[in-house]
Amino acid sequence: MIMRNLSIVAMLLTAVLLAAPGYAQNLTIDLAPARSNPSAPKMGDHLAFESVITNTSSTPVDGLIAWISLLRVDPGREQPMDLEDWSAQKAVAETRVEPGQSIKTLWPVRLIQSGDYRVVISALGRNVEGVTTSRFVEFAVLPKRVVESSRILPVALGMPLAIGTLLIWRLRRLRRRSA
Amino acid sequence: MKGPLLLARKESAELLLGSRGWVWLLAMSAVLSVFGLLLVSDTELSLLDNAQVVYDMAGTVTALGAALAVVIGSDAIAGERERGTLVPLLLTPMSRPEIVLGKIGGQLAAWTVMYMISLPYFWAVGSNGQNLAAGVAIVGWLGTPVVLGFGLLAIGLSCRTALARTSLLTTLIILILSASPILLGPSLRQSAVGKAFDAVNPFSGALNAYDLVLIDSMPLAAQWPYFLVALAWLGLMTWFAVGGIRRVQR
């Protein structure tokens, strides 16, 4: 019994020590797609994701920063995406989040390339140990043809051909005149 | 106003009905065709890859237009002097600024034809992409003062040099320097020197506006600072060309 009590005390002590001085542990992030999102988004469409970051600890979180990450998960093409062109809002910052306070954020995303993606929101506070992440939200972007070969080929081949033909015709006409 | 109009018509006819102009248009068309054909084999293009090609095309059209304006402008006065036709031109009832106006009218006609030839290419490449109409519009709005400014610079130098070749070489060097942002990566342009160069260079201004409209989907109206830079460039070069032709002795 004494041993059992001692082990419980030791576990509690370890937990307190691991919590580190003054660190709030309990940030939670809920992430969901916006209701206005199209059901079958394609390249060029806009999506939005709503996140709610809540400080569930009893101490304030200072210097909160939250950011969006986008991962492509198509088999064989797994890679983190550069958000440069996908989203103008890549991060939000909050000076202080009081205990129980929630920060709601809308993350607009413009769909640049087709594929399967996962979006995740991560958050970090100055006095929070480690990174808190939301669950992944998955979405697929349907392809849209951005190049029509049937349009390019006639123009790319036809224009120089037409100008070249006119040039030859003019040169011949000039030669005939001078002859 | 009849004199400059007649001169502009003569200049544009010499250029566009002569073989030199057609060879130029053929070269431009070939360059744009290569751009277009590069895309055909690529089936995995993103919206931005497409916009990037349209942006490159817009920059190339402007650069080729400016190069043509430089070639024509260099020949405007020095070429007339070499051919012995300068004195008859100066003896016409037109004032000196009107001669510059007539000469630049010919360049405007050449640029208009080049712009028109580029339109099918823009449509073929960018009609399924983004911001095509705005992109085509900004090439017209910003490309025109930039191109004509280089033409006027060449005219101004042509008045001040004895040989058309000297004027052509000097203006081409200035044009290559101005158009260097086409080749420089964004990181180099972010340095202090790069930013200062961008701020005063009308060509950089045009490219930046093309980038903002075509790739970053910014509104056309927001590009007015670049338009002001292009207009200032056109005004400065008009002053330079008019000042140059006033110096020309019969």
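The buried residues of helix α8 of chain B are Ala164(B), Ser167(B), Leu168(B), Thr171(B), Ser178(B) and Ala179(B), where a residue is buried if 20 or more other C-beta atoms, placed from the backbone, lie within 10 Å of its own, exposed if 12 or fewer do, and partly exposed in between. They cover an arc of only 95° around the axis, which puts them on the same side of α8(B); the arc is that of the directions from the helix axis to the C-beta atoms. On the other side of α8(B), the residues Ile173(B) and Leu177(B) are exposed. This is a predicted model, in which local features need pLDDT of at least 70 and side-chain atom pairs count only at pLDDT 80 or more, while totals for chains, interfaces and linings use all residues. Residues are numbered from 1 along each chain as its sequence is written, and chains are lettered from A and ligands numbered from 1 in the order in which they are written.

Helix α8(B) runs over residues 164-179. Helices (H or I, at least four residues) and strands (E, at least two) are DSSP runs, numbered from the N terminus. With 16 residues, α8(B) reaches 22 Å from its first C-alpha to its last, close to the 22 Å expected at 1.5 Å a residue; the expected span is 1.5 Å times one less than the number of residues. The cover over its buried residues includes α3, α4 (78-83), α7 (132-160) and α11 (202-215) of chain B.

One of these covering helices, α11(B), can be followed next. Eleven of its 14 residues are buried, so α11(B) is largely enclosed by the rest of the structure. Among the buried residues of α11(B) are Pro202(B), Phe203(B), Leu207(B), Tyr210(B) and Leu214(B). The buried residues of α11(B) pack against α3, α7, α8, α10 (192-200) and α12 (224-247) of chain B. The end C-alpha atoms of α11(B) are 19 Å apart, which agrees with the 20 Å that its 14 residues should span at 1.5 Å a residue. After α11(B) comes Ser217(B), whose phi is positive, near 55°.

Chain B also meets chain A, in a contact that takes 27 residues from chain B and 24 residues from chain A; two residues are in contact if their C-beta atoms, placed from the backbone, lie within 7 Å. On the chain B side, α2 (19-40), α3 (47-76) and α6 (96-126) each supply at least two residues. The largest share, twelve residues, comes from α2(B). By class, this side of chain B has 16 nonpolar, ten polar and one charged residues, with Ala, Val, Leu, Ile, Met, Phe, Trp, Tyr, Cys and Pro counted as nonpolar, Asp, Glu, Lys and Arg as charged, and the others, Gly among them, as polar.

Turning to chain A, there are two helices and nine strands, in the order α-β-β-β-β-β-β-β-β-β-α along the sequence. Of its 179 residues, 22% count as buried. Among contacts in chain A between residues at least 6 apart in sequence, 72% join residues at least 24 apart. The domain assignment gives domain 1 (23-146) and domain 2 (151-179), with bounds from an automatic or database domain assignment. Taken over C-alpha atoms, the centres of these two domains of chain A are separated by 56 Å.

Ser114(A) lies in the loop between β6 (102-110) and β7 (115-124) of chain A. Ser114(A) is buried, with 20 other C-beta atoms within 10 Å. Not counting residues up to four places away in sequence, Ser114(A) touches Met43(A), Val141(A), Leu142(A) and Pro143(A). The C-alpha atoms of Ser114(A) and Asp74(A), 40 residues apart along the chain, are separated by 9.9 Å.
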